[in-house]
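Good morning, everyone; I would like to take a few minutes over one structure, so please have the sequence and the model on your screens before I start.

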Amino acid sequence: MKHPVALLGIAALGAAAVTCLVLADETAPPQSTAAVTLIGPTHFLQTDGGALFRAACQVCHMPDGQGGSGAASYPALTHDPRLAASEFPIVRVLHGSKGMPSFAAVLSDAQVAAVVSYVRTHFGNDYKDKKDKVTADQVRSLRTMGP
Ligand code: HEC
């Protein structure tokens, strides 16, 4: 006799693990970047910039964008002059860099625009009045570019 309950438990654990890889541990950076490798055809469902930040970014950059260091170093996004030109964070989110994963496959153009707009207008950043407001069209045009 098999143990359907146990098997179900394992299947549920597997599903939870995939979610947790991205959403895990809101208080400490993951031990290695492998812990947040995005698996399979997962796609974030959030559309709001803040919700996207919490789901996709804060695991490394921390809830207040202050960054942190553990096995790797996660830069603060607070008072970040490198966010002034919108292309920079868009390209980082789309294509990744070193310990930062690429989100091109898991975020739509509109979602990238939303989360980049969020970090550019929170955590002590105030780039909302700049004329280069982030749009989905702009994200689309940067998708084909390398990091
Ligand atoms: C797995 C951890 C991880 C996740 C998740 C992550 N980042 Fe990063 N991020 C990093 C690391 C590490 C760097 C530094 C990369 C480098 O040194 O080239 C970085 C760099 C950045 C930078 C450049 C900051 C600067 O001033 O140089 C921005 C902007 C950024 N991330 C935004 C985001 C956004 C927005 C998200 C969510 C969509 C996100 N990150 C998700 C790890 C992460």
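Let me begin with a definition: two residues count as in contact if their C-beta atoms, placed from the backbone, lie within 7 Å. What we have is a predicted model, in which local features need pLDDT of at least 70 and side-chain atom pairs count only at pLDDT 80 or more, while totals for chains, interfaces and linings use all residues. Residues are numbered from 1 along each chain as its sequence is written.

On confidence, pLDDT being the predictor's own score for each residue from 0 to 100, the protein chain has a mean of 79, with 67% of its residues at 70 or more. Over residues 1–26 the pLDDT is below 50, and this stretch has 20 contacts in the model beyond near neighbours in sequence.

Turning to helix H4 (109–120), where helices are DSSP runs of H or I of at least four residues, numbered from the N terminus, nine of its 12 residues are buried, so H4 is largely enclosed by the rest of the structure. Buried here means that 20 or more other C-beta atoms, placed from the backbone, lie within 10 Å of the residue's own. Among the buried residues of H4 are Gln111, Tyr118 and Arg120, and the cover over the buried residues includes H2, H3 and helix H5 (136–142).

Finally, the ligand: of the 24 residues around it, Cys57, Cys60, Ser97, Gly99 and Met100 come nearest, a residue being near if its C-beta atom, placed from the backbone, lies within 6 Å. The largest share of this shell, five residues, comes from H2.

Notes:
Helices (H or I, at least four residues) and strands (E, at least two) are DSSP runs, numbered from the N terminus.
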